[in-house]
Amino acid sequence: MSDHHKETFITKYIFSQDHKMIAKQFLITGMMMAVLGMIMSAVFRVQLANPGESSMLYNLLPGSWVNELGALNPDKYLALVTMHGTILVFWVLTAGLSGTFANFLIPLQIGARDMASGFLNMLSYWFFFIATIVLVSSIYVQGGPASGGWTIYPPLSALPQAIPGSGTGMTLWLVSITLFVVGSLLGGLNYIVTILNLRTKGMSMKRLPLTVWALLVTAILGVLSFPVLLSCGLLLIFDRSFGTSFYLSDIIVGGEMLHNMGGSPVLFEHLFWFLGHPEVYIILLPALGIISEVIAVNSRKPIFGYKAMVVSILVIGFLSFIVWGHHMFMTGMNPFLGSVFTFTTLLIAIPSAVKVFNYLATLWRANIRFTPAMLFAIAGVSAFITGGLTGLILGDSALDINVHDTYFVVGHFHIVMGLSAIYGMLAGVYHWFPKMYGKMMNKNLGYLHFWGTFICAYGVFFPMHFLGLAGLPRRYYTNSAFPMFDGLTDINSIITFFALSGAIVQVIFLFNFFYSIFKGTKASQNPWKSNTLEWTTPIERIHGNWPGDLPTVHRWAYDYSKPGAQEDYILQTEPLKEGEEEH
Amino acid sequence: MINILIALVVLLVIAALVQITRVSELLAEIKNKDVNQVTDDDNKTQGVLFLFIGFGFLVFVVWQMIEWNHLLLPGAASVHGEKIDVLMKFTMTLILVVFFIVTPMLFYFAYKYRGKQSNTAYFLSHNNKLEVIWTVIPTIVLTGVIIFGLKTWDETMNVDTSDANVIEVYSEQFKWTARSSGADNKLGTSNFKLVTAKNALGIDMQDQNSLDDQLLREVHLVVDKPVLLKFRSRDVIHSAFLPHFRVQMNCVPGLLTQFAFTPTKTTKQMKKEEGEDFEYTLLCNKICGAAHYNMQMSFIVETQEEYDAWIASKQTLSQKLLTQK
Amino acid sequence: MNFIKNRSLKQLLWIGIGSIVMFFAGLTSAYVVRKAEGNWVEFLFPDWFLFSTITIVISSIILILAKRNIKREKKVFNFLIVVLLLGVCFSFFQFKGWQDLTNQGVFLTGEGSNVSGSFLYVITLAHLVHLIGGLVAILITAINSKMGKYTSKDFLGFELTSIYWHFLGLLWIYLFFFLKFF
């Protein structure tokens, strides 16, 4: 299995088959796309706070996106919102989160030399890279990038006459997402097979860190649900480019009566959300896995209820496949179907609640070490509570009638994804940075980044619940067209203020990250005094991870502050003492 | 020019940050301290910050609730809407109670258990009894929420529409058109293939039911009388959102959707309660193109007499045909 | 170590096959849902697709015979070439099937087409695209076998190719019965 090939610059840094390098490739690409997505949100937030006015920030946009008065064009507002969603959901929170941490952690935490297939793994990154190029290039085409929302419902996304971005921009979006999905699948295959087959001696499934369990279930969700996005997209490609009528029927647009008959946009929605819902758990589960790990290590206590946490992950994974209809309550579906989806959706609250209570119990009587990673992990739990609770309203079909597609939804999904999942990702970066780069990130800059982000993020997204309950729809270029929203201007200004401030605060993180790679203080082998296997590898990071034999595992990952132990942590490789019981 | 200046400023700021950080790390090295080691002092500071900023967040939430309460939608102006409001109050109360218990616990624990070198954490890996308790209690609560929710949903969706006044709401980029079904309360059939400049909704004039239909630029509803709105779309998915009535339904090209409800407050009444500027508002609530944010059509709720007077002045399609000849 | 590698690569393939199954599950679900909505034109299911089904079944049988040969250290190159040719035959029959459809007036798109025809074209095309990948795998395996790469103890590449090829056959049989009778 160990390919002791000679490393050249190309094979070490570019076409690497080493999972650690591939992880970093995913991370850097994900971070750059996050910056792009964040800039887009800054631009459209400026429009919302000062509708129809010009702004210096619009200088970042292609010239054709603003009119003669310097104001943002309405259809380009929709383009920004679409690309922001696409980039953040797929590029940052899927590839940037799973791609990074699954690749980095799985072989290290299970005690393997590398993934089952380094070659497929390398391909998975390069498919992702090309997908990125295609997507970014779509920003500059004549009609602009895809503009039908990241959910790209037809007919809007099928007809360039309906909105310019549905021309070449949308075609490139589809090409890009196809490449992205193929890359994701190649990665997911590897993650599953590696975890099932390449665990080192003594690493039973019951001794796996929760991070690995979360990444395993995530990968399974991915290989089962992403292909349906491909089916969905394939039929859309045929409707757009070959005149079929899978999704289109009875349409008159741009003065033209289209020939399509018999298609149904609702069919698209079913296929799309069959992926779409598991997708948000593909985003959330790795973040929760990271949060579990970071909280345990920094509480110096076992994660409370390990078995219950594993079962919760499995139940959430299973349920995530049967709730997709809650995105479609208002499509005119049979009310009975609506009832079924309400039932299954509200059920998912149960394992989610169990996880929250277990996190609280882990913190109870802990000896908390507040590394920046720990701060983000705790904030991640807070966001999961806040965002998860509003899910109870949205998942209830009768209540959804008045909040569907309003800012209430925007608040909810940003708090669970934009806060909870991103916080998980940031916690992961801060926590495993020493392992990735052999250096320490600056702690004080980390603290500054955290508090700035925590304050600004809740400042941006909590007020949105009120906008939603006031009836304000999402994806509106401005609220000034309806007098009923005149009273909401102040809230919009407040949100934009926090959004711009929050964006600037992220510069601290970017600075800290890149500075520390080059000039950070050298890390020790196990700076967090953690039990898991990745901290038994040398600081310099070698191909094949361990210089000699693979480690043997004798215990689970959470023997922190175990009574009778010398230190407040015991590596998983440490054999049991005379008379010591395994947990 | 200004771009170059901005870039220079950014570079200088970065350079300054690099030097500051490097200096602070070197200073720590001189003092033989690991600048990135988390100390007891750090834990105290961060723990205290969690207490203050965490509770500050909760204060912020309460402040928002008080400050912006008056901006929220007024009570529902429809029969099923009132039921939805009851469900909403119940569910919202429930989640707020949970939020205001669990969130402070989280921040308080972060503060109370801030670490000290001299402390040891309490090694407790699990407690099955607790797991059962905090699985069963949410299950029971959620069962209640589900039953209540499904009941409300059923009462909203499965209404008797036999007496309802049928009105069609037709959506397109970027406007709404309404069509009353006339005296016979039956809408004439339509087909998009029949759409012409003179027949924008594609109504089949061969159908007898079409003759008394009336095209409308605004919708009038009679208070306390059920209405059945039928939705069509000309081009892309739109969504008819009438927030004051708690009504929302997608308008899908190639599909017929509908929503039945009974308005309970006239526009005049709402103006008394909410201010002279009040209007019932129809919003498009599914991204449909550039002017998605500006699809306007008035909805007015009035008494039977006011309605009769108003509708009498509207031309039927057969009358329209005659005048066109 | 090799045993683990073999097992891993086979599992990778199986999970990949799982993904492909989900892809076709999406397409066939869409078919079912759409058909239930009406306005679905029925037509004569081309006989050519029956021929292609028989062809692909025969190719799988040949591949099974080839596997027996490998285990007995006998040559398999000829068998693999026959499978390749049968695969090409299969593709030919698919094209003839599509031709039959257009002769009947059942088109993918355009005036007079119906979504029932569109689904048939898209689903069979999607299968064919995956089959072409299988043809490439067969060719590579054939070449490798000629170069003496496989022994009776280790013929992983051959195994992977045949798992995939049999999958393509089984998938086609499912699609055939589904499209013909549903």
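Visitor: What is the mean pLDDT of chain A?
Guide: This is a predicted model. Chain A has a mean pLDDT of 95. In chain A, 99% of residues reach 70 or more.

Visitor: Where in chain A is confidence lowest, and where highest?
Guide: Lowest is helix 1 (residues 9-14) of chain A, at a mean of 80. Highest is helix 15 (residues 463-469) of chain A, at 98.

Visitor: Next topic. How many residues of chain A are in contact with chain C?
Guide: 33 residues of chain A, and they meet 31 residues of chain C.

Visitor: Which helices of chain A each supply at least two residues of that side?
Guide: Helix 5 (168-197), helix 6 (210-242) and helix 7 (265-299) of chain A. Helix 6 of chain A gives the largest share, 11 residues.

Visitor: How do the residues on that side of chain A divide by class?
Guide: 22 are nonpolar and 11 are polar.

Visitor: Now chain C. At what angle do helix 1 and helix 4 of chain C cross?
Guide: Roughly 170°. The axes of helix 1 (residues 2-36) and helix 4 (residues 115-146) of chain C come within 11 Å. Over 145 degrees counts as roughly antiparallel, so helix 1 of chain C is roughly antiparallel to helix 4 of chain C.

Visitor: Which residues make the contact?
Guide: Helix 1 of chain C uses C:I20, C:L27, C:Y31 and C:R34. Helix 4 of chain C answers with C:V115, C:F119, C:I123, C:A126 and C:H130.

Visitor: And by class, what does the contact of helix 1 with helix 4 of chain C have?
Guide: 7 nonpolar, 1 polar and 1 charged residues.

Methods. Residues numbered from 1 in each chain as written. Chains lettered and ligands numbered in written order. Predicted model: local features only at pLDDT ≥ 70, side-chain atom pairs only at ≥ 80, totals over all residues. Contact = placed C-beta atoms within 7 Å. Helix = DSSP H or I, 4+ residues; strand = E, 2+ residues; numbered from the N terminus. Nonpolar A, V, L, I, M, F, W, Y, C, P; charged D, E, K, R; others polar. Axes fitted to C-alpha atoms, helices over the stretch in contact; angles between N-to-C directions. Parallel < 35°, antiparallel > 145°, perpendicular 65-115°, else oblique. pLDDT = per-residue confidence, 0-100.
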